[in-house]
Amino acid sequence: MARHIRIPFLADLILTDDPDEIRELANQVALDRGFRARGPLINRILARRIKAALTFERTQLPSVQMRGDPQRQQASDRLSKMFAPGNWDSELVKLIAAHVRGTPGRPAGELAQEVMGRVFDSDYTANADTWAAAQAIDEHLQSRNPIMALLRKISGAVPRAQSALRQAASGDPGAMHGTGIAVHNLVLSLERMQTLWANESMRSRLAPEEAALSVIAAPRTVMRAAAEHEDTIGGRVRPATLVALNTRAAADKAMDADLAFLGSSWSRCPAQHWVMALLAEVWREAGDV
Amino acid sequence: MFERLLDSLLGRFARLSQRVLVWHAWPFIPALAIVLGHRVNLRRHNLINTETAELGDERPEGFDIIGWRTADGSYNDLAEPRMGASGVRFGRNVAIRETYPPSATELMEPSPRLVSEKLLKRHEFVPVPHLNILAAGWIQFMVHDWLSHGPNDPDADPHEIPLPQGDDWPGGKMTARRTMPDQETSDADVNRPPTYRNTETSWWDGSQIYGSTEERLRYIRTANLKGQPKTAEIALDNGMLPLDKKAKRDGQELAGVNGNWWTGLSVLHTLFAREHNAIVARLRIDHGDESEDWLFHKARLVNAALMAKIHTVEWTPALMDSPEGRMAMRGNYWGLMGETVFNAFGRLSESEVVSGIPGSAQDHHGAPYAMTEEFSAVYRLHSLMPDQFQFRSHSDNTLLREVGLVDVAGPGARALYDEVNFDDVLYSLGTEHPGALVLNNFPEALRKLDKKVESNLFIDLAAVDILRDRERGVPRYAAFRESIGATRPETFADITDDQSWQAALKEVYGTVDKVDLLVGTLAEAKSKNQPPRFGFSDTAFRIFILMASRRLKSDRFFADDFRPEIYTEAGFRWVAENGFADVVRRHCPELADAMSDTRNPFFPWQIAGT
């Protein structure tokens with residue numbers, strides 16, 4: 001059941017990890033991605049942080065584009081075409097499968113970044129620096145420690161990381177999002193797959209598609225900001241209310257890929273089928289030794 | 001807000017505390033807090049919905065859905081009418097991804113028959129001295145209310161269970177039919193583990209007495225007796241259950257659920273059918289102008305609540321006879337304030353912790369209510385059954401008859417009353433002991449159960465118990481414990497302190513990870529994890545504290561609608577003022593003395609003449 005935390009001047013947040021509530025809230029008209037620094041203190045801090053982390057040198061990533069933004073729709077259509085299942089580098093898939101089997105090699109983060117980056121650019125190359133940059137952004141987004149957040153701001157670590165990823169992705173917002181933000185979900189999925197593979201019993205019982213469904217990791221949280229007053233399943237929202245959809249917890253519990261990618265909402269991930277097919281292919285490849 | 005904060009603290013405390021000591025090793029207050037904390041964590045992580053499609057909504061015509069329980073359990077939750085109804089899927093208490101069934105090879109590794117022979121076979125009856133056999137009958141009586149996988153699949157190739165070398169199993173081949181698969185799957189189920197459906201209502205609604213369909217309910221009201229009108233009473237034949245004319249075997253007594261029948265079920269069904277009729281008689285005094293249907297359904301509501309109360313505050317505390325166990329279960333019903341305060345002042349708080357679950361707000365804790373496969377698995381309690389029964393006179397304890405389990409099963413339960421009267425049967429079950437839930441205590445009669453003697457068809461129920469958990473994707477013992485937030489055993493010594501059991505487990509399984517859930521829970525009986533004076537394992541207890549609360553908390557008739565306006569004033573008081581001993585005394589007054597010195601009616605009754 002959704003929790004509504006409303007403390008005057010301090011916070012106005014709705015949090016939920018209930019699958020049905022997430023499906024409903026994800027399509028609520030009043031909830032969008034207008035992360036403006038307004039309302040109670042914590043809302044301002046969070047909105048500012050989300051917007052800053054997901055805007056690479058004044059280029060907004062797809063994950064902060066508003067529902068009605070025509071560029072978002074065009075980009076989504078373009079990405080859906082690019083992320084056709086099978087559009088991946090087979091040699092990279094073999095390396096990822098080796099990683100799943102526990103064979104020492106390149107870190108999963110680099111491999112995941114590279115396989116995603118090559119959907120956009122066949123020459124995309126990930127390295128320790130690009131992966132470190134992606135991790136820096138993720139840490140900043142997930143951090144609940146205001147001191148660490150301040151230190152990162154002072155040191156300029158996040159803009160540097162954004163710049164590195166932008167350069168590697170040749171400025172393509174979709175590629176920047178894939179290799180800097182979404183890549184973490186793929187890496188977690190691969191880590192889960194590695195654990196699954198290590199379990200002989202599960203290895204013998206799961207078909208590739210079943211394994212993919214078993215390991216899929218959704219984003220930890222998908223954020224929405226209320227644009228107007230409205231009653232929602234999580235409580236009444238007003239402009240500046242932030243809604244945190246804990247999609248990872250919900251999708252894990254329901255084992256629901258559609259929920260993991262918010263596939264039935266306007267903000268569906270265009271890479272859903274590609275990711276599921278890739279994971280199945282990795283499992284298949286891991287077993288083909 | 002405060003309750004959420006408290007829950008969060010309790011949950012964290014429970015997680016941290018078990019790194020130091022298991023919950024029952026702590027002093028009383030922290031132990032109780034840890035149990036509550038485990039329940040918080042289990043509610044959060046271990047209630048899993050397996051439905052992938054919207055449930056239907058067929059409103060019964062001319063039926064008071066607000067004030068009566070429907071036959072099929074629908075409309076308990078008014079917002080999701082099919083929740084908990086018969087035919088709905090079993091849920092899960094472990095993550096769905098852990099419930100894929102094993103490969104064909106792994107399914108038989110090690111052979112369930114080998115497990116049965118080496119680890120479950122009863123060499124010598126191990127009793128529980130502080131319980132009576134009614135405790136064994138009661139739990140089966142309850143399970144028949146909550147769940148059934150229905151008949152097995154007659155069309156699919158049966159499982160063939162490998163026989164160990166030298167096994168003299170009749171015919172040299174052991175087979176078991178597969179569990180009936182879910183017939184209503186959709187594209188949304190592709191690549192997900194198989195699901196199964198509960199043929200009974202999942203609610204605590206007395207469906208073992210009343211059935212889970214309108215047709216069955218009508219049948220138990222009239223018993224198809226010629227000229228029998230459909231009155232508010234359950235049809236009885238001189239105070240005894242009538243015979244089921246539709247049963248496969250002649251002489252079988254009639255009940256809502258009358259499969260796997262034996263004398264323990266027969267006496268409990270008879271008592272609570274009589275209790276239904278007694279409730280009807282009481283309600284007629286205040287509500288003589290109401291229809292027969294109204295009286296029937298109100299009596300059912302009261303009877304079901306009385307059984308739920310008995311289970312919560314009498315049966316379960318008898319099996320969990322430690323201060324913490326008693327408090328946990330009685331607290332479920334009356335809260336930390338206790339029975340005396342509750343009866344004097346009613347609910348003092350909205351909180352279920354303070355004033356108990358009945359009458360608190362309904363809450364499904366994030367997953368639609370349903371019985372679960374894991375709950376079904378930890379309720380495999382066949383070892384409670386003795387192989388031999390002695391029936392004695394309640395007046396002087398004279399031995400009247402000594403028979404085997406098979407002799408008092410099926411139609412044998414009714415035939416027994418020709419030789420031993422009902423009161424004497426009940427007295428005997430109240431004075432003898434059930435078997436302990438330990439290794440090597442599975443009744444021999446059930447390990448070679450005659451299914452169709454003319455075809456030389458037997459089943460080994462111990463082997464089938466093992467097979468069913470594996471087939472339905474219930475994780476094995478070590479993985480199961482990890483999934484429910486308990487410590488995962490790494491060695492056989494982590495499962496049991498008994499060295500001979502450790503050796504036997506190693507011989508059969510080789511590695512700890514392969515130990516079956518049922519075997520692990522039975523082996524726990526001799527370990528540091530076993531709570532003192534508990535009749536079952538810590539592992540099973542974790543599921544019980546989750547599901548026992550949920551059966552009350554999710555059910556509208558125990559939550560928001562547990563009130564006199566729905567139950568009637570007299571009905572509400574009936575539940576508050578009665579327990580199992582009252583039911584026995586009302587219908588078998590001559591047994592009152594036998595129970596007079598017993599703190600709990602599921603403890604052994606007084607032997608006549610002593």
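Predicted model: local features only at pLDDT ≥ 70, side-chain atom pairs only at ≥ 80, totals over all residues.
Residues are numbered from 1 along each chain as its sequence is written, and chains are lettered from A and ligands numbered from 1 in the order in which they are written.

I then looked up burial, and 45% of the 289 residues of chain A count as buried, meaning that 20 or more other C-beta atoms, placed from the backbone, lie within 10 Å of the residue's own.

Next I turned to where chain A touches chain B, with two residues in contact if their C-beta atoms, placed from the backbone, lie within 7 Å. Chain A gives 14 residues and chain B gives 13 residues. On the side of chain A, the elements giving two or more residues are H10 (200-205), H11 (208-215) and H12 (247-254), and H11(A) gives the most, with four residues.

Last I followed helix H15 (residues 422-431) of chain B, which is largely enclosed by the rest of the structure because eight of its 10 residues are buried. Among them are Asp424(B), Val425(B), Leu426(B) and Tyr427(B). I found that the buried residues of H15(B) pack against several elements of chain B, including helix H5 (133-146), helix H8 (263-286) and strand E3 (388-392).

Terms used. Buried ≥ 20, exposed ≤ 12 C-beta atoms within 10 Å, placed from the backbone.
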